[in-house]
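Thanks for making the time, everyone.

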Amino acid sequence: MKQLRIGVLVGLFAVAGVVSWAGARLWDTLGSLPSIPVAAPIVLALIAVVLAATALSLRSRLRAQRERQPGAKGVDPMVAARAVVFGQASALVAALVAGMYGGAGAFLAMEQLDVPARRDQAIYAGASVLAAAGVVAAAFFLERVLKLPEDDDNDGNGPSAAARA
């Protein structure tokens, strides 16, 4: 499984932001711009909390297993793989959502901050971008916790030497 790359996430954010800004601008000229839901930053923050809690739980279980503590509960490899996939998918979706709300929020901030309802929408959009950044950070943390150790065998006698032969 490939690791998350920050460049891919930034690219998704930028493309979604530009498309959303242009779409918001076009939609506003044609009529009323749809509102940004108040629940958007709340849901993103909840996803970030779930990812961080999962990472902390798995980290403590792996540490207890590594230190051979009595009664240590191991981590099933499928659970770890599912957690990593959930984190990566959440980070990708969060980058798209952050770009979408960021573009709409940028349009609102540049054009219509004097209207109280639009100002509130811009605040919700900014909070959504921050919460999405939290999702991405929690996904990177989860991925780091569950990363397998590298094979640092330099003397040529380990399993990697057998694979090269």
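Residues are numbered from 1 along each chain as its sequence is written, and side-chain values use heavy atoms, with hydrogens and water left out.

Confidence comes next. With pLDDT being the predictor's confidence in each residue, from 0 to 100, the protein chain averages 85, and 90% of the residues score at least 70. Among the elements, helix 4 has the highest mean pLDDT, 93, whereas helix 5, residues 159-164, has the lowest, 44. Over residues 158-165 the pLDDT stays under 50, and the model has six contacts beyond four places in sequence for that stretch, where contact means heavy atoms within 4.5 Å. Where pLDDT is low, the predicted coordinates should not be read in detail.

Now the overall layout. The protein chain has five helices and zero strands, counting DSSP runs numbered from the N terminus, with helices being H or I of at least four residues and strands E of at least two. Buried residues make up 33% of the 165 residues, where buried means under 20% relative accessible area, exposed over 50%, and partly exposed in between, with a 1.4 Å probe and protein chains only. Of the contacts with a separation of 6 or more, 83% are between residues 24 or more positions apart. The chain exposes about 10,300 Å², of which carbon and sulfur atoms supply 65%; these areas come from the Shrake-Rupley method with a 1.4 Å probe, and for residues only the protein chains shown count as cover.

From the record, an unreviewed UniProt entry, we have "transmembrane region" listed for residues 38-58, 79-102 and 122-142; the positions follow the numbering used here, feature names are shortened, and annotations may be inferred rather than shown by experiment. In the model, residues 79-102 are 100% helix and 0% strand, with end C-alpha atoms 33 Å apart, and residues 122-142 are likewise 100% helix and 0% strand, with end C-alpha atoms 30 Å apart.

Let me take two helices individually. Helix 1, residues 6-30, has 25 residues that should span 36 Å at 1.5 Å a residue, and its end C-alpha atoms are 36 Å apart, which agrees; the expected span is 1.5 Å times one less than the number of residues. Its buried residues are Leu9, Ala16, Gly17, Ser20 and Ala24, and they pack against helix 3 and helix 4. Helix 2, residues 39-66, has 28 residues and reaches 40 Å from its first C-alpha to its last, close to the 40 Å expected. The buried residues of helix 2, among them Leu44, Ala48, Leu51, Ala55 and Leu58, pack against helix 3 (77-111) and helix 4 (116-145). After helix 2 comes Arg68, with a positive phi near 55°.

Which residues have the most contacts inside the largest nonpolar core? They are Leu51, Leu58, Ala91, Val135, Leu142 and Leu146, in a core of 24 residues, where a nonpolar core is a set of buried Ala, Val, Leu, Ile, Met, Phe, Trp, Tyr and Cys residues joined through side-chain atoms within 4.5 Å. Helix 2, helix 3 and helix 4 are the elements giving two or more residues to this core, and the largest share, eight residues, comes from helix 4. A second, separate core of ten residues includes Ala40, Tyr101, Ala104 and Leu108.

Gly87 lies in helix 3 and is buried, with a relative accessible area of 1%. Beyond its neighbours within four places in sequence, Gly87 is in contact with Leu51, Ala139 and Leu142. Gly11, in helix 1, is partly exposed, with a relative accessible area of 30%, and its C-alpha is 9.3 Å from that of Leu96, 85 residues away in sequence.

Key
Predicted model: local features only at pLDDT ≥ 70, side-chain atom pairs only at ≥ 80, totals over all residues.
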